[in-house]
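Please read it alongside the sequence and the coordinates.

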Amino acid sequence: MSTTALALDGVTKRFGAVVALDEATMHVAPGTVHALLGENGAGKTTLMRIAFGMLRPQAGCVMVGGHVVDLASPADAIAHGVAMVHQHFTIVPTMTVADHIALGGHGRYDRRAARERMLAVGRDTGLVLDPDGRAESLPVSALQRLEIVKALATGARVLILDEPTAVLVPSEADDLLRTLRRFADGGGSAIIITHKLREALACADSVTVLRLGRTVLEAPVAAIAERELIEAMLGRAPNAVIRREERNLSSDAPIVIDARDIHVSDEGSVERVRGVTLAVRAGEIIGLAAVEGSGQHELLRALAGIAAPSHGSVERRGDVGFVPEDRHRDALVLDFSLTENVALRGAGSRRGRVAWRDMTRATRELMSQHDVRASGPDVPARSLSGGNQQKLIVARELAGRPAALVVENPTRGLDIAATAAVHSRLLEARDAGAAIVFYSSDLDEVLALADRVVVMHAGELRSAGKNREAIGAAMLGA
């Protein structure tokens with residue numbers, strides 16, 4: 001039996017003048033869970049796309065089961081038992097779960113065979129889904145299960161997952177990691193790209209760290225400490241963790257956003273927010289904890305003034321900035337330059353011509369102040385890494401010193417340094433007197449940043465203190 005299920009040796013990949021991978025290596029043993037770590041732009045996803053046949057390297061080789069393979073496409077990778085679950089779902093909303101199992105297959109579609117294959121994967125892994133359910137009706141956690149079932153239905157023995165727990169609550173993430181352990185115990189190999197170090201340390205047997213396209217560490221998890229991993233990722237000793245000062249906010253601090261008995265429906269006219277009352281005061285961060293689909297997105301959009309409640313009222317005393325969860329869909333025009341994207345802030349209320357020279361100068365200043373790394377303000381937004389895109393959005397929304405800021409999952413998919421930068425900006429805004437409502441699917445992040453935590457379940461809001469277990473139970477309706 002081969003000592004490696006998947007190996008990449010001396011892999012180099014260039015995109016024009018940019019070196020994404022520089023003789024990178026990674027070795028994954030059979031029957032193990034392997035964590036792949038690194039900052040945004042370190043080359044993690046590029047390396048795994050090469051392993052999955054989506055990209056071809058300029059140098060180096062890929063080995064599966066100890067044999068060198070030539071992967072010209074994902075179909076080649078699947079034929080060799082390698083499958084990949086991407087960070088962004090690849091779901092067709094109107095198709096059933098069973099239909100998705102047959103995607104990418106050959107010959108006549110056999111619904112019965114697809115159902116049987118899906119049910120067999122469910123029995124083997126515990127990832128049970130209704131084969132007749134439509135994807136559009138599934139909650140996020142079920143969509144994540146569907147992506148994994150799709151991959152395993154191909155007969156994969158090497159499973160690559162890019163940020164698989166990013167949209168899951170703690171209990172769902174724990175369930176997923178147990179599934180991966182069961183898969184590894186059965187002889188398979190799972191590779192997780194993640195920014196959650198403690199999650200990596202808790203579930204992985206071994207770890208590879210990339211920095212600037214090069215492999216800087218390969219080691220068993222049992223032989224490495226969290227601080228060593230951070231230092232390997234950053235190339236320096238980690239900075240002290242930002243410590244949020246405990247604050248006892250005065251009850252007479254001015255209310256900046258005042259929502260009273262609001263009801264809000266989604267785009268399909270389904271009521272998602274039911275009778276919520278919430279007062280957000282200057283100089284506080286309210287952390288919102290919720291399971292996906294609980295109505296938090298509709299509530300946040302109503303607070304920000306983007307969605308109108310069907311009943312009740314929202315009073316805003318001052319300008320409100322908004323950082324949405326999906327930066328590509330709701331925050332950026334990817335083919336616009338950074339300057340043009342910065343100009344989108346307040347565009348609906350401006351009159352006359354845009355002073356582009358001044359806008360370019362302001363964008364350059366924001367890039368410097370918020371460490372947005374790009375060659376200049378005229379490059380398209382799509383050329384930036386996810387972390388730099390997010391820093392640009394936060395910089396834009398804070399530029400006008402808004403009285404309030406509504407924020408959705410601002411660090412999803414970001415590395416340690418970018419996450420720390422976003423947290424620092426939110427705390428600075430709070431300390432300058434801004435009122436902040438902050439939702440994250442990472443409960444630990446909510447607890448780390450919030451002065452006050454509220455929980456949303458089934459469209460209703462409740463207080464839950466700051467006890468992690470109590471908040472987790474409330475998120476599930478207990």
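In the classes used here, Ala, Val, Leu, Ile, Met, Phe, Trp, Tyr, Cys and Pro count as nonpolar, Asp, Glu, Lys and Arg as charged, and the others, Gly among them, as polar. The model is predicted: local features need pLDDT of at least 70, side-chain atom pairs count only at pLDDT 80 or more, and totals for chains, interfaces and linings use all residues. Residues are numbered from 1 along each chain as its sequence is written, and side-chain values use heavy atoms, with hydrogens and water left out.

**Largest cavity**

- By class, 3 nonpolar, 1 polar and 2 charged residues make up the lining of the largest cavity.
- A cavity is a set of points, on a 1 Å grid over the protein atoms alone, where a 1.4 Å probe fits but cannot get out; lining residues have an atom within 4 Å of a point.
- The whole structure holds 1 cavity of 30 Å³ or more, and the largest cavity has a volume of about 40 Å³, taken as the space filled by probe spheres set on points joined across faces, edges and corners.
- His-370, Lys-391, Val-394, Ala-421, Val-422 and Arg-425 line the largest cavity.
- Helices are DSSP runs (H or I, at least four residues) numbered from the N terminus; α13 and α14 (416-431) each supply at least two residues of this lining, and α14 gives the most, with 3 residues.

**Salt bridges between separate parts of the chain**

- A salt bridge requires a side-chain nitrogen of Lys or Arg within 4 Å of a carboxyl oxygen of Asp or Glu, and the count comes to 26.
- Asp-335 pairs with Arg-382, with the closest N and O atoms 2.7 Å apart.
- Relative accessible area defines buried (under 20%), exposed (over 50%) and partly exposed (in between), with a 1.4 Å probe and protein chains only; Asp-335 is exposed at 58%, whereas Arg-382 is partly exposed at 48%.
- Asp-371 and Lys-391 form a salt bridge at 3.6 Å, N to O, which links the loop between α12 and α13 to helix α13 across 20 residues.
- Asp-371 is partly exposed at 38%, while Lys-391 is buried at 10%.

**Further charged contacts**

- Glu-397 and Arg-396 meet in a salt bridge of 3.1 Å, N to O, and both residues are buried.
- Arg-301, Arg-329, Asp-330 and Glu-408 belong to one network, joined by salt bridges that share partners.

Conventions: 1 Å grid on protein atoms, 1.4 Å probe; cavity = no way out; pocket = protein on both sides within 12 Å on 5 of 7 lines; lining within 4 Å.
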